[in-house]
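Please examine the sequence and the structure shown below. The paragraphs that follow lead through the cores, the salt bridges, a helix and some backbone angles.

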There are 2 protein chains.
Amino acid sequence: MGEHAKSVVLAARPAGKPHPSDFRIEEGPVPEPGPGRFLARTIWLSLDPYMRGRMDDARSYAPAAEVGGAMPGECVAEVVASRHPDWRPGEIVVGPLGWTTHAVSDGTGMRRVDPAVAPVSTALGVLGMPGHAAWVGLNEIAGARAGETIVVSAATGAVGSVVGQLARLQGLTAIGVAGGPEKCAWAEAELGYAACLDHSAAPDAAALAAEIAAAAPGGVDVYYDNVGGKTLEAVLPAMNPHGRVALCGTIAWHSGQGVAEAMPLPLAWRAILTRRLTVRGFIVFDHAASLPRFLAEMAPLVKSGKVVWRESIAEGLEAAPEAFLRLLDGGNFGKQLVRVGPEPR
Amino acid sequence: MGEHAKSVVLAARPAGKPHPSDFRIEEGPVPEPGPGRFLARTIWLSLDPYMRGRMDDARSYAPAAEVGGAMPGECVAEVVASRHPDWRPGEIVVGPLGWTTHAVSDGTGMRRVDPAVAPVSTALGVLGMPGHAAWVGLNEIAGARAGETIVVSAATGAVGSVVGQLARLQGLTAIGVAGGPEKCAWAEAELGYAACLDHSAAPDAAALAAEIAAAAPGGVDVYYDNVGGKTLEAVLPAMNPHGRVALCGTIAWHSGQGVAEAMPLPLAWRAILTRRLTVRGFIVFDHAASLPRFLAEMAPLVKSGKVVWRESIAEGLEAAPEAFLRLLDGGNFGKQLVRVGPEPR
């Protein structure tokens with residue numbers, strides 16, 4: 001740690017696929033916390049697909065990032081100075097500090113992390129927003145029930161890896177879809193997926209659909225959709241009557257990719273109608289009220305090793321843009337993190 | 001009535017848009033009811049958009065019509081002979097007899113119609129399957145609540161006209177979308193729509209979207225979708241967060257029409273995600289259990305004139321194919337019926 005703070009700011013709004021030049025590193029003095037605020041030093045920065053949406057100037061569920069402003073994001077950080085009565089130096093916290101080495105906070109959106117439960121980085125993954133999204137989508141959005149069959153796309157990602165494990169623990173048969181044999185092997189060996197299909201090996205949606213039909217001979221009751229794209233197209237024909245789609249992300253179409261080749265809306269709409277499907281979009285940030293309940297349920301599963309996780313780590317804040325661009329194209333394996341600073345001894 | 005029975009059979013599966021030559025009239029002797037069966041003489045045949053799907057050899061929620069077999073459909077009929085203890089000659093019944101002048105039934109799917117409540121033709125409309133679909137979609141599928149704003153497509157059709165009236169009676173603001181100034185005028189004057197927008201006057205979805213935004217300045221909470229197409233595309237941008245889409249039909253895309261020009265699936269999927277919408281497809285035939293509850297609620301509204309209806313009547317079974325083809329293109333005004341035989345004196 002020097003005496004300077006660094007941030008990654010949005011240099012330009014991407015037209016289509018983002019490039020490294022859309023980001024810029026800015027340096028400045030480490031900020032001082034005013035009254036009722038504390039200074040946090042970032043240890044881990046989380047990179048998540050939703051950040052792509054924030055780079056656009058489009059109406060969405062959250063305000064866009066501003067050009068010239070720090071990229072938004074969740075961090076695990078150490079409180080290093082405090083003028084806030086509730087937050088003490090040395091505490092490990094998690095919350096929306098942004099892509100930055102240091103940030104001043106009034107505590108909004110922040111919570112403490114207990115290092116005794118698991119490595120603190122898990123507060124950004126299996127015990128954080130992605131894990132919570134998995135739990136909410138599976139239980140509250142899809143209403144998954146024991147005995148059902150679920151398909152999970154991005155099956156080894158930060159969200160999908162938790163969906164698969166929770167589904168199996170809850171008595172569902174989970175079928176994963178992931179990119180590449182290495183991910184699929186891990187999904188089957190460690191995450192409890194009954195099968196994991198490699199979409200990168202399927203020449204088209206029809207080929208993937210045939211694999212799904214073979215892996216789920218009784219049909220699919222729940223589809224946990226993290227990606228849209230070819231996988232969505234392949235799953236819809238396998239959906240059972242009254243099936244549910246929990247729609248968590250559309251990363252396959254990020255930055256307008258694949259939009260022209262996507263299946264026609266009328267075919268999807270017709271499938272929703274004739275199969276009487278329920279498709280429900282959700283944003284985990286709407287579900288803050290259930291976070292304590294999720295953590296109470298999940299922490300023992302993580303601590304006991306019943307739920308496992310995996311991380312892709314980029315080294316140093318400067319590496320964040322490249323790591324984010326890789327994430328958008330599925331180059332991560334498990335939860336994508338950036339190591340911004342050292343863990344406290 | 002002569003001594004012959006007539007039926008309209010499916011002569012050929014249409015490739016794309018159906019033609020009159022896809023249907024054929026067949027004549028034969030009036031059938032005799034065997035033991036446990038009765039003979040019914042059709043008075044009214046109902047024409048409904050779902051019948052287009054039955055003409056295709058595609059997996060759907062119901063078996064396809066067979067080539068050379070009678071077209072499926074609901075009729076109001078008079079029992080004229082019976083060897084079934086529960087059904088007596090002279091009774092008026094409604095049920096799935098098909099496009100035919102005479103049919104033998106064992107009572108499956110049939111119910112009695114009380115001519116004292118309303119004209120018996122309403123058992124195929126406001127007091128039948130279309131009215132039930134309106135009620136189910138509004139209440140059970142969309143969970144519409146007083147104070148909300150609903151958009152209804154095919155707003156003056158057999159289903160939409162009931163949705164609009166029930167929505168208004170339940171304290172919603174209803175905005176209709178229909179084809180042509182005459183339909184829109186009726187929708188506003190008689191059905192209680194706060195506004196009705198003429199999609200045929202809007203050059204494209206964006207123009208219709210602007211009209212919807214102006215008619216619903218507080219946004220749209222519920223979309224009752226009977227059509228898909230341009231109207232769906234125009235409504236999605238106006239949907240409020242956590243809005244619901246009750247998906248009842250996709251007639252705008254019947255026979256593959258407009259599929260190539262439809263909005264891309266990724267845009268719709270993205271709207272469902274970022275607005276956290278729930279899109280739920282449903283088929284009224286799944287909801288038979290609630291039919292008595294619906295009828296108990298609806299019959300007094302019809303009898304007292306609080307709910308009105310309108311019928312388009314084609315004369316004679318031979319006119320059914322042309323009337324059906326007109327219906328697919330929105331040529332009906334209100335519930336489309338075929339007068340197959342006289343009402344009893």
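The largest nonpolar core has 168 residues, and among these A:Trp99 and B:Trp99 touch the most other members. A nonpolar core is a set of buried Ala, Val, Leu, Ile, Met, Phe, Trp, Tyr and Cys residues joined through side-chain atoms within 4.5 Å. Buried here means under 20% relative accessible area, exposed means over 50%, and partly exposed lies in between (1.4 Å probe, protein chains only). The most is given to this core by helix 2 (residues 129–141) of chain A, which supplies seven residues. A second, separate core holds 40 residues, including B:Trp135 and B:Tyr193. In soluble globular proteins, nonpolar side chains tend to be buried together.

This is a predicted model, in which local features need pLDDT of at least 70 and side-chain atom pairs count only at pLDDT 80 or more, while totals for chains, interfaces and linings use all residues. Residues are numbered from 1 along each chain as its sequence is written, chains are lettered from A and ligands numbered from 1 in the order in which they are written, and side-chain values use heavy atoms, with hydrogens and water left out.

Over all chains, the structure holds 26 salt bridges; a salt bridge is a side-chain nitrogen of Lys or Arg within 4 Å of a carboxyl oxygen of Asp or Glu. One of them joins the side chains of A:Glu318 and A:Lys6, at 2.5 Å from N to O. This pair links distant parts of the chain, 312 residues apart: A:Glu318 is in the loop between strand 14 (311–315) and helix 9 (320–328) of chain A, and A:Lys6 is in strand 1 (residues 4–10) of chain A. Helices (H or I, at least four residues) and strands (E, at least two) are DSSP runs, numbered from the N terminus. A:Glu318 is partly exposed, at 42% relative accessibility, and A:Lys6 is partly exposed as well, at 25%.

Another salt bridge is formed by the side chains of A:Arg244 and A:Glu148, at 2.7 Å from N to O. Here too distant parts of the chain are linked, 96 residues apart, with A:Arg244 in strand 12 (residues 239–247) of chain A and A:Glu148 in the loop between helix 2 and strand 8 (149–153) of chain A. A:Arg244 counts as buried, at 10% relative accessibility, and A:Glu148 is buried at 9%.

A:Arg88 and A:Glu91 also meet through their side chains in a salt bridge, at 3.5 Å from N to O. A:Arg88 is exposed, at 53% relative accessibility, whereas A:Glu91 is buried, at 11%. Together with A:Arg112, A:Arg88 and A:Glu91 are linked in a network of salt bridges.

In chain B, helix 2 is mostly covered, with ten of its 13 residues buried. Among the buried residues of this helix are B:Pro130, B:Trp135 and B:Ile141. Just after helix 2 of chain B, B:Gly143 takes a positive phi of about 55°.

Most residues other than glycine have a negative phi. A:His242, however, has a positive phi near 65°. A:His242 lies in strand 12 of chain A and is partly exposed, with a relative accessible area of 44%. A:Ser255 likewise has a positive phi, near 60°. A:Ser255 is found in the loop between strand 12 and helix 7 (265–274) of chain A and is buried, with a relative accessible area of 19%.
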